[in-house]
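The entries follow the order in which I looked them up.

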Amino acid sequence: MSHSYDSATLYWPNNIKGFEHITEAEGNTPFGYYSSYRFCTPEHGGTHLDAPIHFAENKLTVDQIPLSSLTGEAVMIDVSHHVLADRDYQVGVQDIENWEKDYGRIPENTIILFRTGYGQFYPDREKYFGTQKTGAAAIPELHFPGISPAATQWLVENRNIKALGLDTPSLDYGQSQEFTTHRILLGRNKPGFENLANLDRLPAKGIYIVALPMKIAKSSGAPLRIIATLKSS
């Protein structure tokens, strides 16, 4: 469920640099072939984790998040039929309630994934972000779906969730200026997963998630290797 990191990896428009992969050694030596590289990356780009401290002071950093918050049962709520007709769509409480009508109440201690369908556009910057621009000029032109603050508040108050994830650049929709969904979720010490891949290959339930970020000390975010296995019926 992770996009590979390379020169095409998408980052938030105001990141000065993207992913860099530099060759330090590559080729034959007197003892045989040898290669070694170094890389540099902003915290928030590609398939990555948002740690609570990203938007909530004194909350958990990446290295402090317990494994119990990053592994476990998951459900996938597909809202792509709404979203692909409205770039600014925000997942609402009604979307969650409609899912529960079909599949039952969301179980305790669940990771919730939202499929918007935007994963199909990655890594086309213009289709994925809504603009080809980068830097400060891009921010007012961002148009992509997200999770509404109302739905996020409802989930943290009414369902015992571990984390939220989706296939867009941000938990909040593109036109958000206050990032309220981030503040609600991360303020409860719950992580978020962004830029997920292949959600179209998952069923609505019967999923087990392992979402392991690079363990960077004191970090607000990190590259995420996330996998899903399907439970046998």
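In which loop does proline 123 lie? I found proline 123 in the loop between strand E6 (110–115) and helix H3 (125–129); helices (H or I, at least four residues) and strands (E, at least two) are DSSP runs, numbered from the N terminus. A cis peptide bond, with omega about 5°, joins tyrosine 122 and proline 123.

I noted the basis of these entries: this is a predicted model, in which local features need pLDDT of at least 70 and side-chain atom pairs count only at pLDDT 80 or more, while totals for chains, interfaces and linings use all residues. Residues are numbered from 1 along each chain as its sequence is written, and side-chain values use heavy atoms, with hydrogens and water left out.

I next looked up positive phi values. Most residues other than glycine have a negative phi. Asparagine 58, in the loop between strand E3 (48–50) and strand E4 (71–78), has a phi near 65°. Asparagine 198 has a positive phi of about 65° and is placed in the loop between strand E9 (192–194) and strand E10 (207–213).

I then checked accessibility (buried is under 20% relative accessible area, exposed over 50%, partly exposed in between; 1.4 Å probe, protein chains only). Asparagine 58 counts as exposed because its relative accessibility is 70%. Asparagine 198 is partly exposed at 40%.

Last, I examined helix H4 (residues 149–158) and helix H5 (residues 180–187), whose axes come within 8 Å and cross at roughly 10°. Axes are lines fitted to C-alpha atoms, for helices over the stretch in contact, and angles run from 0 to 180 degrees between N-to-C directions.
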